[in-house]
Each structure stands twice: as C-alpha cells, then as structure tokens.
2 protein chains.
Amino acid sequence: MTTALELVAANKSFGGWHKRYRHRSQVLGCDMVFAIYLPPQADQGGPLPVLYWLSGLTCTDENFMQKAGAQRLAAELGLVIVAPDTSPRGDGVPDDPEGAYDFGLGAGFYVNATEQPWARHYRMYDYVVSELPALIEANFPVSDRRAISGHSMGGHGALICALKNPGRYLSVSAFAPISNPSNCPWGHKALGNYLGADREAWKAWDACELIATAEQQLPLLIDQGEDDSFLLEQLKPEALVQAASKAGHPLTLRRQPGYDHSYYFIASFIDDHLRHHARALTDA
Amino acid sequence: MTTALELVAANKSFGGWHKRYRHRSQVLGCDMVFAIYLPPQADQGGPLPVLYWLSGLTCTDENFMQKAGAQRLAAELGLVIVAPDTSPRGDGVPDDPEGAYDFGLGAGFYVNATEQPWARHYRMYDYVVSELPALIEANFPVSDRRAISGHSMGGHGALICALKNPGRYLSVSAFAPISNPSNCPWGHKALGNYLGADREAWKAWDACELIATAEQQLPLLIDQGEDDSFLLEQLKPEALVQAASKAGHPLTLRRQPGYDHSYYFIASFIDDHLRHHARALTDA
C-alpha cells in the first residue's frame, strides 16, 4: 500500500504552479490523476486553505484548470485548489455498456455505489471526502481548512459532501448543480444503477433531502445561468430553493440572465465564488 | 460572392458575448470559422477597438477564447477580440502528406504561399490582414483601431503583420514568438514548402529581416518563458533583440523564469498585454 505521488505535469501559473499527479487510490481500486493549483504563497511553506473543485459529466481534472481562469485570484488570495477526476478510470473499471456520456467513466456522480458491477470501483464520495484530502494534507503545505465547489454533477457533489459532513468544510458553493438528482433523468440513471431501484436509498445522496436534516447550515452560494439548456429538465434549482426555505437553510441562488452551462459561464463568476470561500477559509 | 456570417455558437461571457461564426473566405477558397469576443460595451453600439489574436501550431479559433482568460479584462476595457483559425480548412485544402502537426492544416504560418499545391488556399496573411478585418468592420460595432498579438507561430504572425503594414495596427505584442523563422526547423519546413527553396523569398516573412526596414517603429512587447522547451531551437528571441537593437526599434522582451509554452503562461500575462494594447487603442 502506497500513497506515492507521480508528477504528470507542471506549469508555472500566476507565480504559482499548476501540477498534475497520478497516484494509486485504495478506495477506488485504480490509478487516479488529480490537478492542484499551488499559489505563490505555497513557496513560503503555508499552511494554506484548500478549495476542492468537483467537475461535471465527461470532465477530467483538466477542464477547470484550463478554462475557469481561477488561478489569477487564487494566487492573490493564497488559495490552493484541488481538482479530482470525475470517476474511477482504467482497464479494470466497468463503463456504461453503451458508452453513454452520462453514466460510468466520467460520470461517477460522487456517490458510493452499492450495486454490481459498480460497487468495487465507483466510490467517488469516499475518495473526494476522505482519501484525497488525506493525501493532499500529507503531501502539500496545506491546512485542514477546506471548502468545496463544483459544476453540474460536481455542483451536486459539492452540495452533498458539505451537507453530509458537518464541520468538514468551512464553505460550499455550486455552479448550475444537479439540485435534485432523485427527480431528473441524469440522476435516475446514475442513482438507479449505482444504488439500485429502491428510491429510499437515493435520499442519502440528494441535496434536497439532505438539507432537511443538515446538522450544520453552511450558507449555500449557487449561480445558475438562465439560458442553460439543462435548467428545466436536469438541474431544477427551484426544488432546492423550496427545500432550503422549508428547512430554514441559508441559500443564495443567483439567476444569471443569458448565461449557459459552459465554462464561459463559470469563468464569468468564479471570482465571486473564490472570494466567498476565502472569506470563510481565512476567518480565524 | 457573399460575406454572409453563419453563427456557430454563442456564450455569454463577463456580461458580453463569445461568438463563433462560419463564413466563406474568398482569399482562402474555403469556409472558415473565427471567434469574436464582444464586451458588454458592444451593446451600446460602439465603435470599439479590436485586438486580433493569432494562435500557434495545431490551434483553432477556440484555444485562446477557452484558455487565456482574456475576457474578464477585455470586458472592463471595452476591447473586442477576434481569433481566426490557424490555416485554411476543408475537403479541398491540401495537408502535410504525413499529417505532421507543424505544416499544412493548423499551420498556415500567416504567409501567402507561392508554391504548389499550397498557393491556392494557403494565404493566411491576406486573410488576417485584409479579408477578415474588412468582414469584422462591416458586421460588428467596431472602429478601424486595430491591435495584433499572438502566440508562437501566431507571435511570428503578429510581428510580421505589424512590421509589413505601417499604420494598420496601433500596437503589437507577442508571446513566445517564432522570432526568426528563416533560422529554425519549424520555419525551414513552412517557408521552404510554402515559398520555395530560395531563401531570399523568406526574408519578406521574417521579423528579424523586416525590422531592419520597418517604416513604423511600433514598440514591441514580448513575453517569453525561460522554461519553454522550444526556446533554444525554435523561438530564438535573441535574434530579434539583436535585429531590433541594430535597427533602433523599441523592443521590450520580458524573460519569465519558470514559465513554459502553454496557455498557463499566456493566461499569467495576458492582462499586461491587454493593457498595453488598450493604451494604444484608446489614445485619441
């Protein structure tokens, strides 16, 4: 058993470093690659707070780092950003039998699968919440002050990771999250396959259910493009607004006119999210 | 003959719009796609100044728009950015017989080819300097105040377009340009094939030659990563420094320690270039 990190790539970026590492994941039973942005302050030894970014369907660790334009402000704020892959990968890892984009490889949905043949490898929740942070905190000049955010499937992931783990994250936000996966086609397919047909089991992985009983009420910041083509069928932020309202959970949903589901949307508002997280992470 | 623009994609970005258009190029004899960033000020009718961005080998109109993070400051400065493709494309357009990345499709080198079979389509210089700006100025709320910049092969393109056309651009800059194409492997291959074996013909397309007789001495701003793996064999900024010094041409070459040839490098310094261009473009 080893947690050796193999450096895959390194690019200097805004005075800091974008790096990609491969490592053996015990939780997922395969090799995984993650990306980390180390701001210039990391050279002084830290410890620095960490924002975990969870990407959406079809993405890898690379999309956010290449397209979100987050490094400029992260360098200014002294924020480390970690972007994991979106599913287990490799020869032994089963995929959607038809190679669909919305299930299997690139679509781990940040849950722990219980059904075969998925249960052995598809445990992205444990990977993101436990194994990866332990690895990051053992190998980089970071503190245990963590924030979490993500996009679409990764927005869902960020919400459930925060809601299920009081005290583990100091802040949470999301871009166009799949807000109510029990109640949309992407979620039906993923939860039905990973967790089985019993919808009771889905509730533990649905932000709209979790928010009702969350022990900690971290304020949720959500941006949603009004021209997002997935808005009505898949994302359903209104369901989360309703559930949050019922639970008295603080939620700021910003509806952004004209914006779509792309990284052009994310880049336009990432600075607001970084500042949201930095405020929580750097408070004493 | 038509200059109709077909909208291929539109994404709201920092209050403005990233759009991609397809059009028939008479100069290149094929359909071409370009990208344009229209800042929010374009909604007020302009006219706004335009920065033309020329990308490097293997790129299309998309790389810069997705990865450079330029829209944030362009929106603030009221700057339109136009990113053309890097070569003619399409069924009738000949490619490198071995499909190499450094010649043919994706590698137009911003020259007008004189040799067969390239001369019919490979006229990226005329496209970038004349046909595309005419199209932009006829269809968007822009002025004739133009700047030009680019990366690698596109840095070479920006330099020669500015040096060969006094008065046409108000400012010029480059990231890691191929500074002396007559004297490096990429340039040998491209100029030798597009222009023929006679090296005399290459001089009209080499910044180190053109700078000696440039009628207008626009200050050149160049950023170069010191850990760029192409620095010594292909880019050779020292040759341009020497030629500029001999000609008394103002040149600022910033050597950036640790930076490589990637868009992480470009993103780190794009704001400085945008401000350099905005100063020249918005002076009365």
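View 1. Strand 1 (residues 6-13) and strand 2 (residues 16-25) of chain B pair in the antiparallel sense over seven bridges; strands are DSSP runs of E of at least two residues, numbered from the N terminus, and two of them pair if DSSP finds at least two bridges between them. The model is predicted, with pLDDT of at least 70 needed for local features and 80 or more for side-chain atom pairs, while totals for chains, interfaces and linings use all residues, and side-chain values use heavy atoms, with hydrogens and water left out. Residues are numbered from 1 along each chain as its sequence is written, and chains are lettered from A and ligands numbered from 1 in the order in which they are written. Within this pairing, Ala9(B) stands opposite Arg20(B) of strand 2, and Leu7(B) stands opposite Tyr21(B) of strand 2. The two strands form a hairpin with two residues between them. In the turn, Phe14(B) has a positive phi of about 50 degrees.

**View 2. The sheet of chain B.** Nine strands of chain B form an open sheet of mixed pairing, in the order 1-2-3-5-4-6-7-8-9. Strand 1 and strand 9 (251-256) of chain B are at the edges with a single partner strand each, so one side of each has no neighbour in the sheet. From one strand to the next, the twist averages 20 degrees. Strands of a sheet pair through backbone hydrogen bonds, either parallel or antiparallel.

**View 3. Helices on the sheet of chain B.** Helix 8 (residues 237-247) of chain B lies across strand 8 (220-225) and strand 9 of chain B, at about 155 degrees to strand 9; helices are DSSP runs of H or I of at least four residues. Angles run from 0 to 180 degrees between N-to-C directions, with axes fitted to C-alpha atoms, for helices over the stretch in contact. Helix 9 of chain B also packs on the sheet, where the strands of chain B that helix 9 touches include strand 4 (48-54), strand 6 (142-150) and strand 7 (171-175). The direction of helix 9 makes about 175 degrees with that of strand 7 of chain B.

View 4. In chain A, strand 4 (residues 48-54) and strand 5 (residues 80-83) run parallel and are joined by three bridges. Val50(A) has Val80(A) of strand 5 as its bridge partner. Helix 4 (residues 153-164) of chain A lies across strands of chain A, among them strand 4 and strand 6 (142-150), and runs at about 130 degrees to strand 6. From the other chain, helix 9 (residues 263-282) of chain B touches strand 1 and strand 2 of chain A, at about 25 degrees to strand 1 of chain A.

**View 5. The interface of chain A and chain B.** Each chain gives 23 residues to the contact, defined as heavy atoms within 4.5 Å. The area buried between the chains is about 1,900 Å², of which carbon and sulfur atoms give 50%; buried area is the accessible area (1.4 Å probe) lost on putting two parts together, summed over both. In chain A, Lys12(A), Gln66(A) and Tyr264(A) lose the most area to chain B, together 36% of what that side buries.
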